[in-house]
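Take a look at the model below.

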Amino acid sequence: MSKTKKKPKDPASMRVLFVTPECYPLVKTGGLADVSAALPPALNRAGAEVRLLLPGYPAVLNGLTDLQPVGNPLTDLPGGAPATLRIGRMPDGVLAYVLDAPALYDRPGNPYLGPDGKDWPDNAERFAALSWCAAGFAAEDGLDPWWRPEVLHGHDWQTGLIPAYLELRPDRFAGPFRPGTVTTIHNIAYQGLFGAWMMSDLGLPSAAFRIDGVEYYGGVGFLKAGCFYSDRLTTVSPTYAHEIQTAEHGSGLEGLLATRAEALTGILNGVDYDIWDPAIDPHIAARYGAADLGGKDLCKADLQATFGLDRRADAPLAAVVSRLTGHKGLDLVLEAASQWIAWGGQLAVLGSGEPALEAGFRHLATWFPKSVGVRIGYDEALSHRIQAGADLFLVPSRSEPCGLTQMYALKYGTLPLVRRTGGLADTIVDANPAAVNDGSATGFQFVNANVQELTWALRRAAALYRKPERWHVLQQHAMTRDFGWHGPAEEYMELYRAVAPVLVG
Ligand code: ADP
């Protein structure tokens, strides 16, 4: 955290290394991949020069074009895996460095989990190596001598050691100037906690194993290290920035984050409307927009057919596209489903995750085959068809840093029904009488994570759905909300200007 005093930096020359463990369309397990795909081009449009740094998973090495080696092979990664740094282009043209280390990343499928569904046992080394590589761009013999970033921007626990290496290993990483560091917390529930005995394997000095260092509950905390050593911290919505400073949502980091409140900013994620817009979406049955919603009826019929549901245009069709995990609150949907069906509602679910939730939704579809359709798995194209074909989009999360699907749903005129937490609170305006009257309502909120409150919100939605003219007004309002990346990109630029070093000459 010790930095020399800085003056604001000219945005036109801002070189940013954007270090991320996943990026759509090459590797995606969740919203971080969407953000990693959309934010860098938005920053480039705002005047930055952003390059990605990605782990060399097979999908990354196969998906980048014009791949070329950069510099000499890397020989001192934590864990000792041999590696080559390469550079290529993402499908959208953004330049991306790849840490090509087959012993660490040449594994198909989910980037974090082995075939047994458990974390890879060497995840500490795998992501320490990524962070080490990022820090290497700052060193005297910079990994790319032709391109020295002024800001290292890491995402989630996988990159938490970047600022720790800069601070704790000046012997290895001190260079002509010290880049500013930013760590973005996309989900504080995933922290990267590893055994204390790994300190030296990870290239960390033993003196740093203390509360004012990388120590976290007796182990090495990667996200904790990022939160402690980064110049600035961001998270993905203003409400979540407050929430993670509380015991309820801070997952143990609330104390540290409260002490760093001045350095912590909540910047809402955006939507990539080149991908999520029913007017141009190639995946959906018919295209439509706010001015003419006719195509949405066809999309609904298509979705009902795909899921084997009754072809009833008048049945309110609720949908879920989500990882099936406890914090997404989908057990509440399982509990409320029979009441929703009793009111004539239908339900379409796409997701995968915890076995108990997967089984619960499968059973529901067996009991109500004409009203409930379930697909267990990951299907990008189907997720678009669901956004377009549903009437109501359910996001009942117990916690939700930002949430993207509710913002996609707005654009598709599919009214979100959300729990009032994190980014869901910041993006959806509840259809209470005042908000309906003044035209600001865009969906439905409930406050406490229990089945009674969810059921009450579903009931309000079902009642409004029976008044098509009022429903239509909400759809119009939802579809014309702008959650594009332009605004968030400007906020990140301001942050970069605050942390970048002043370069002379
Ligand atoms: P999180 O990052 O917590 O998973 P977000 O709402 O931020 O939640 O992002 C989830 C992203 O993953 C969205 O783009 C959503 O459409 C997508 N997604 C989640 N589950 C599936 C699935 N089973 N099939 C296709 N896309 C999915």
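**A serine and its surroundings**

Leaving aside residues up to four places away in sequence, Ser-36 touches Phe-18, Thr-20, Glu-22, Cys-23 and Leu-52. The model is a predicted one. Ser-36 sits in helix H1, which spans residues 31–45. Is Ser-36 buried or exposed? Its relative accessible area is 1%. The cut-off for buried is under 20%, so Ser-36 counts as buried. One of its neighbours, Thr-20, also makes a polar contact with Ser-36, side chain to side chain, at 2.8 Å.

Now move to the sheet. Six strands build an open sheet, with parallel pairing, in the order S15-S14-S13-S16-S17-S18. Which strands stand at the edges? They are S15 (372–376) and S18 (444–446). Each has a single partner strand, so one side of each lacks a neighbour in the sheet. From one strand to the next, the twist averages 15°.

S16 (residues 392–395) runs parallel to S17 (residues 415–419), and four bridges join them. Leu-394 has Leu-417 in S17 as its bridge partner. In general, strands of a sheet pair through backbone hydrogen bonds.

Helices come next. H11 (residues 330–342) packs on the sheet. It touches S13 (317–324), S14 (346–353), S15 and S16. The direction of H11 makes about 165° with that of S13. H12 (residues 355–367) lies across S13, S14 and S15. Relative to S15, H12 runs at about 145°.

How values were computed: Residues are numbered from 1 along each chain as its sequence is written. This is a predicted model: local features need pLDDT of at least 70, side-chain atom pairs count only at pLDDT 80 or more; totals for chains, interfaces and linings use all residues. Side-chain values use heavy atoms; hydrogens and water are left out. Two strands pair if DSSP finds at least two bridges between them. Helices (H or I, at least four residues) and strands (E, at least two) are DSSP runs, numbered from the N terminus. Axes are lines fitted to C-alpha atoms, for helices over the stretch in contact, and angles run from 0 to 180 degrees between N-to-C directions. Contact means heavy atoms within 4.5 Å. Buried means under 20% relative accessible area, exposed over 50%, partly exposed in between (1.4 Å probe, protein chains only). A polar contact is a pair of N or O atoms within 3.5 Å; within protein, one must be able to donate a hydrogen and the other to accept it, and residues adjacent in sequence count only if both atoms are side-chain atoms.
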